[in-house]
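I opened my notebook to look up a few spots in this structure. Here is what I wrote down as I went.

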Amino acid sequence: MLCPLAAHADFAKDSQLNLGLRNFYLDRDFRGDAAPISRVGSWSQGFDLRFQSGYTEGPLQFGLDASAQYAYRLDGGGGRGPDTVLPYDDSKGEQVQDYGRSALTAKVRYSKTELTVGEHRPRLPVAYFDDSRQLASTFHGFQVASQEIDGLSLTAGRFNEISTRESSDHEKLYLFTRPNGPRRPSDGLNFAGGTYAFTPGLSATYFYGQLEDIYQQHYLGLAHNVSLGDGYSLKTDLRYYDNREDGEALYGDIDNRSYGLLGALTKGGHTFSLGYQRMLGDSAFPTLNGFTPQPFLVNWSAVAFIRPNESSWQARYDYDFAALGVPGLRLMTRYLRGTGIDRGGNLSDSSESERDLLLNYVVQSGPLKGVGLAWMNIDSKFEHGSDYDENRLIATYTWKLW
């Protein structure tokens with residue numbers, strides 16, 4: 001407050017205040033006698049208020065971001081189990097009526113290097129936030145990101161807490177095993193890595209993550225984009241993970257390696273994709289609290305396909321209706337199947353599959369410009385487990401307040 005007012009000119013001028021609105025309906029219908037409950041789901045309205053400041057002037061520049069998330073349940077919800085969207089009150093046997101959280105992020109920038117301390121929504125191979133339900137999951141700690149060298153982006157930091165998608169709390173990081181599995185918290189997740197672009201169409205990424213006393217993780221990825229002529233383009237991703245226990249090994253030995261290859265061929269509004277993924281070792285791929293997603297795995301989905309020794313493949317088709325003169329309308333459908341799952345002991349191998357259909361439309365003009373509407377259907381089948389059919393209906397809008 002004692003700094004000259006001129007130093008705050010860019011801080012105010014470049015600031016933004018946005019309110020994200022999300023109306024979210026989920027219904028998951030379990031099938032089969034083995035299902036623990038026949039149906040789960042909820043209907044809720046969410047709010048995501050985010051303030052992002054500019055920076056003060058000078059060689060060393062300062063800024064401050066803030067966020068507040070809140071969700072209110074619109075339906076009764078009584079008598080239905082945990083639905084992965086809203087927190088569940090075991091004593092009442094229903095989802096809570098409302099929940100929310102807020103946080104701050106301080107930031108300092110020098111040249112092309114930025115330090116952020118507080119709340120983060122990372123998209124890293126070792127830590128990825130979840131925006132697939134009502135409230136977004138967030139990590140808490142510090143991060144340094146630098147782009148001082150042309151073509152090279154570097155990131156390092158430490159996250160010591162997480163707020164998962166269906167929780168109001170900040171909690172320490174632990175290994176997710178099952179919804180009510182053991183919680184042996186780690187002191188924090190240390191990470192470092194970067195991406196280097198050899199050419200405009202070829203880049204390589206390496207990241208290291210250490211969830212203290214639980215696991216160490218190495219990630220290596222290669223991405224290649226090439227034009228094939230006649231309007232065709234091909235994108236290829238090759239991704240590899242190596243996961244091992246760390247320190248005191250609070251969850252015992254971890255033995256998991258995975259590799260995946262995904263190719264996407266695009267022509268006009270059409271994109272055809274094929275992917276293959278293999279899990280190696282005696283352990284499933286490690287994930288964090290609340291089944292935090294890892295979309296750097298090429299076959300990540302609702303089922304995830306990360307069980308021990310699992311081989312999985314996917315065939316996917318996307319269409320952008322802008323090619324037919326209907327901008328804003330998109331279709332995605334895919335089929336994934338995993339086999340060879342090691343169930344341990346003398347049990348036989350297992351398999352699982354998933355079929356997805358997503359239709360998404362964003363209004364392009366008029367008084368409802370920017371309103372997004374989406375319908376997603378997920379049909380999952382398990383050789384040893386409870387099949388389910390899930391529908392999600394989502395309406396979104398971002399109101400730019402400032």
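I looked up the second largest pocket and got a volume of about 250 Å³. On a 1 Å grid over the protein atoms alone, a pocket is an open set of points where a 1.4 Å probe fits, with protein on both sides within 12 Å along at least five of seven lines. The volume is the space filled by probe spheres set on the points. Of its 20 lining residues (an atom within 4 Å of a point), the closest to the centre are Pro125, Thr195, Thr205, Tyr219 and Phe296. By class, I noted nine nonpolar, seven polar and four charged residues in that lining.

A note on the source. This is a predicted model, where local features need pLDDT of at least 70 and side-chain atom pairs count only at pLDDT 80 or more, while totals for chains, interfaces and linings use all residues. Residues are numbered from 1 along each chain, and side-chain values use heavy atoms, without hydrogens and water.

Next, Arg239. I found Arg239 in strand S16 (strands are DSSP runs of E, at least two residues, numbered from the N terminus). Is Arg239 buried or exposed? Arg239 is buried, because its relative accessibility is 18% (buried means under 20%, exposed over 50%, partly exposed in between, with a 1.4 Å probe and protein chains only). A polar atom of its side chain lies 3.1 Å from the backbone oxygen of Phe296 and 3.5 Å from that of Pro295.

Last, positive phi. Ser111, not a glycine, has a phi of about 55°, and I put Ser111 down as partly exposed at 47%. Ala304, also not a glycine, has about 85°, and Ala304 is buried at 0%.

Conventions: Ala, Val, Leu, Ile, Met, Phe, Trp, Tyr, Cys and Pro count as nonpolar, Asp, Glu, Lys and Arg as charged, and the others, Gly among them, as polar. Helices (H or I, at least four residues) and strands (E, at least two) are DSSP runs, numbered from the N terminus. A polar contact is a pair of N or O atoms within 3.5 Å; within protein, one must be able to donate a hydrogen and the other to accept it, and residues adjacent in sequence count only if both atoms are side-chain atoms.
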